Amino acid sequence: MAKQNLPRSLSSSRRDRRDFLRSASLGAMALAIPFPVLPDFLKNASMGIVVHSYASRWHSKSESEKFPAFTDAISLMEHCKSIGAGGIQVTVGGWSSDFGAKVRAKREELDMYLEGSIALPQDLGKVPDFEREVIVAKESGASILRTACLSGRRYTNFTSKEDFLMFKENAIRSIELAEPIMRKHKMKLAVENHKDWTAQELKQIIQSVGSEWVGVTLDFGNNVSFMENPMEVIQTLAPCAFSTHVKDMGVQNYSDGFLLSEVPLGEGIVDLPTAVEICRKHNPAINFNLEMITRDPLEIPVLTESYWTTFEHLSGLDVCKMQRMLDENQFKGELPRVAGLSQEEQLAFEESNILECLQYSRESLKL
């Protein structure tokens, strides 16, 4: 996949970083960086941060002085502001009205946007609880609520096509239960392509619901795990996207398929400038939320029979074209890993990746 040329300063900094990683321990490199830092190039940056970018730090049990745990949305918001982010996307489950008011006050003080993340009602009896969370989220200043239908991954959760079809039926029912609440409170529900739906499946679901209040959280990288070209996914879902998860993906082959990792923006296979342009074309007000999850690579076992149990979306030619693209864009060097790092090193590595992504966003995406 053709990649846009990076500005010389940014290209050099990325090359220096990769060279350093080859010659020094990852944990030592991360711990050597002073935090929190707000470089000049990050001032007034507008990209937001998804809470999952801080998977290690969110409600962490670590007693780190340098990277204290984020205990709630307010502490997350304060930190994200300090490093130059323009907003956050965070879970709203369990919020009281009083806490929602505190979030609103802090959001207005910091001049940040807020998107919520919410679980769908699984049955009619759960709708009142869902509505209470929607009301508190609206009171806190959110107008968009991201949701996901599956917490796991389609190719590991389901062992038969029948199991998947039952999940699909129940998921659509949950969205249909949520829609009248969103319409009533004039809030937008943004369903993520969360390693559950192919791009066309999610597009068809949104079209079948047929509501101006139900759209998509467009994740730039998840559907690589479905052997879908990220740009084709973005082109398919951008017309109905209310929000985004911005990420770049690194791939490397292994015995049963390929390894997949979130990598610092600009180092992977996603054409980010074009992706941003497409999203803005369809929704000029859309927020761009960084989801840089620092973890070990995921194994995508596309060479096993079980992987394909629930899939019928690709032809043999589609698979060959995608595999060729992956083969031609193997990640150079080591994919990010946290195995073997101390908790403090993991926290430092996570922060380093987020700051690097914000730098790329500012310099190359103008966000």
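Student: Where is aspartate 111 found?

Tutor: A quick note on ground rules: this is a predicted model, where local features need pLDDT of at least 70, side-chain atom pairs count only at pLDDT 80 or more, and totals for chains, interfaces and linings use all residues. Numbering starts from 1 along each chain as its sequence is written, and side-chain values use heavy atoms, with hydrogens and water left out. Helices (H or I, at least four residues) and strands (E, at least two) are DSSP runs, numbered from the N terminus. On that numbering, aspartate 111 sits in the loop between helix 4 and strand 3 (113-117).

Student: Is aspartate 111 buried or exposed?

Tutor: Here buried means under 20% relative accessible area, exposed over 50%, and partly exposed in between (1.4 Å probe, protein chains only). Aspartate 111 has a relative accessible area of 65%, so the residue is exposed.

Student: How do the axes of helix 3 and helix 4 lie, roughly parallel or roughly antiparallel?

Tutor: Axes are lines fitted to C-alpha atoms, for helices over the stretch in contact, and angles run from 0 to 180 degrees between N-to-C directions. Helix 3 (residues 73-82) and helix 4 (residues 97-110) pack at about 10 degrees, their axes 10 Å apart. Angles under 35 degrees count as roughly parallel, over 145 as roughly antiparallel, 65 to 115 as roughly perpendicular and the rest as oblique. So helix 3 against helix 4 comes out roughly parallel.

Student: Why do the buried residues of helix 8 line one face of the helix?

Tutor: In helix 8 (residues 199-209), Ala199, Glu201, Leu202, Ile205, Ile206 and Val209 are buried. Take the directions from the helix axis to the C-beta atoms. Seen down the axis, the buried residues of helix 8 line one face because they fall within an arc of 165 degrees.

Student: Which residues are exposed on the other side of helix 8?

Tutor: The buried residues pack against helix 6 (154-157), helix 7 (161-185), strand 5 (188-192), strand 6 (214-219) and helix 9 (230-237). Across from them, the exposed ones are Gln207 and Ser208.

Student: Which residues have the most contacts inside the largest nonpolar core?

Tutor: A nonpolar core is a set of buried Ala, Val, Leu, Ile, Met, Phe, Trp, Tyr and Cys residues joined through side-chain atoms within 4.5 Å. The largest one has 99 residues, and those with the most contacts inside it are Leu218 and Phe220.

Student: Is serine 261 buried or exposed?

Tutor: Serine 261 is in strand 9 (residues 257-263), and its contacts beyond four places in sequence include Asp248, Asp296 and Leu335. At 2% relative accessibility, serine 261 counts as buried.

Notes:
Contact means heavy atoms within 4.5 Å.
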